[in-house]
Amino acid sequence: MNVTQQTSSQANEGLIAKYNVPAPRYTSYPPANYFADFTPDQYLAAVAQTDRDENNISWYIHMPFCRKLCHYCGCNSYPMQKPEAVERYINAIHHEIDLMAPHLRPDRKISQIHYGGGSPTAIAPRFLKEINDHLLSLHATIDRPEIAIECHPGYLQAKDWNELLDCGFNRFSIGVQDLDEHVLKVVNREPSLMPLRDIFGLLRSAGATINLDFLYGLPLQTPESFARNIEAAVELHPDRVVTFSYGHVPWVHKRQLVLEKIGLPEEGAKQRMGANARAIMRQAGYRSIGMDHYVLPEDELSKALDNHFLRRNFQGYCTLRTTGQVYALGVTGISQLSTAYAQNSHDIDGYMANIEAGRLDVRRGYALTHRDQMVREVVENLMCNYHADWKDIAKRMGVSREELREALHWDESQLREMEADGLFMRTEDTLTMTTEGTPFVRNVVAALDPLMVNTTRKFSKPI
């Protein structure tokens, strides 16, 4: 019996039927759909507090442009503009850096620089190098900082990959999504311009870390075809593999309605895609990280998981070593600070006009209360490390265990039911997800989340 057959026969259909219900992804707490009106002054007040209390800096740069918009995309993406408009946007990024620099202590160190989008690699590499050089001229870095970029391989030749290496990038997330050109065609995405094996050879010769990013739940995908994707990925032996579950939210991103007309896989088939991927990756020696990441045992993320030091921000999983306060640059960029989230506007022209006039463009955000911060600590520990130590969390937050429990939505009957279903194990001081329960960690976290009580907000399903 092959891995696909094994996982299909062994899948706990009862748990899936019961717990595959909409829940937040918890890439932040509270999730971004709780953001409300927020001003630049509120943002700078939060920046001032973190600048006093924190050391590491994590820069996020949003490059919104794409040469083609994929039908499935849930990102803040925009069609590619004329060269002069792109250059104006790049200049605005530089101006925004200059606006932020006086608010950050010069002795702080950069732990991360991350480019997302859109398609950051749709931008000429020279622009990316100029931004990196600008940021690195202001602050020193920690030892072995993470300088990462999300890459669309459909437009990159060998010279482009070499130019990205010359920009200083040391981690590359390659968004292949699927290796079947028929699948890519119906979702309006270009296949890799170069064979992946050649890209791997080029990047590995420079010592770079390589992620391969896949997406399951797309039209024309089947459990068998997606398993072949993951088997092909294993042969390449990337440092990390991500298998994102496609989140169908057409009420947020209307472009996704196209996929309904083509035909999405039925729910059971999508569930088997995720289960097959988990089995194949584990059989190949990779460890499961969070909801959808797989890493080699020697990876820094794997070691962080062992020590309960794994963290997450909007850009993905990171370690306590590389964690920093996230200061976002660019249209729609979201800054993640200890006490607040702040998001720039969705209007590119408005963003550039404000920055050019010397004004920050923050429009939405959320100021976290102390209760929010307590809940966030629980959420992050469970979502990242599958483990919560009530005594330890209470100590870090300066409260008693009783105060921590009161901050949560603690429904003992609901927790007992989840525990009986095998999602987690408990002691008086800890809650730890089981291997079978980890796909449903979002459900367990949602059960503890006071914001989920009687909520009317919409979310995607875990699987």
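This is a predicted model: local features need pLDDT of at least 70, side-chain atom pairs count only at pLDDT 80 or more; totals for chains, interfaces and linings use all residues.
Residues are numbered from 1 along each chain as its sequence is written, and side-chain values use heavy atoms, with hydrogens and water left out.

Let me start with the overall layout. The protein is divided into domain 1, made of 11-30 + 369-462, and domain 2, covering 34-335, with bounds that come from an automatic or database domain assignment. The centres of the two domains, taken over C-alpha atoms, are separated by 26 Å, and 27 residues of domain 1 are in contact (heavy atoms within 4.5 Å) with 25 residues of domain 2.

From the record, an unreviewed UniProt entry, comes the feature "domain: Radical SAM core" at residues 51-287; such positions are given in the numbering used here, feature names are shortened, and annotations may be inferred rather than shown by experiment. Over residues 51-287 the chain is 41% helix and 23% strand, and the end C-alpha atoms lie 35 Å apart, where helices (H or I, at least four residues) and strands (E, at least two) are DSSP runs numbered from the N terminus.

Which residues does the UniProt annotation "binding site" cover? According to that unreviewed entry, they are Tyr-60, Gly-117, Glu-150 and Ile-334. Tyr-60 has its place in strand β2 (residues 56-63), and it counts as buried because its relative accessibility is 9%, buried being under 20% relative accessible area, exposed over 50% and partly exposed in between, with a 1.4 Å probe and protein chains only. The side chain of Tyr-60 also makes a polar contact with the side chain of His-62, at 2.7 Å; a polar contact here is a pair of N or O atoms within 3.5 Å, where within protein one must be able to donate a hydrogen and the other to accept it, and residues adjacent in sequence count only if both atoms are side-chain atoms.

Gly-117, in strand β5 (residues 109-117), counts as buried because its relative accessibility is 8%. Leaving aside neighbours within four places in sequence, Gly-117 is in contact with residues including Tyr-60, His-62 and Glu-150.

Turning to the aromatic residues, the structure holds 12 aromatic pairs, meaning rings of Phe, Tyr and Trp (its six-membered ring) whose centres lie within 6.5 Å, with planes under 30 degrees apart counted as stacked, over 60 as edge-to-face and the rest as tilted. Tyr-26 and Tyr-29 form a stacked pair, 6.3 Å centre to centre with 25° between the planes. Phe-65 and Tyr-89, by contrast, form an edge-to-face pair, at 5.4 Å and 75°. This pair links distant parts of the chain, with Phe-65 in strand β3 (residues 65-66) and Tyr-89 in helix α4 (residues 83-100), 24 residues apart, and both Phe-65 and Tyr-89 are buried.

One aromatic cluster is formed by Tyr-115, Trp-161, Phe-169 and Phe-172. What does the side chain of Asn-132 make a polar contact with? The partner is the side chain of Tyr-115, at 2.8 Å. Asn-132 is found in helix α5 (residues 125-138), and it counts as buried because its relative accessibility is 1%. Not counting residues up to four places away in sequence, Asn-132 touches Ile-113, Tyr-115, Ile-147, Cys-167 and Phe-169.
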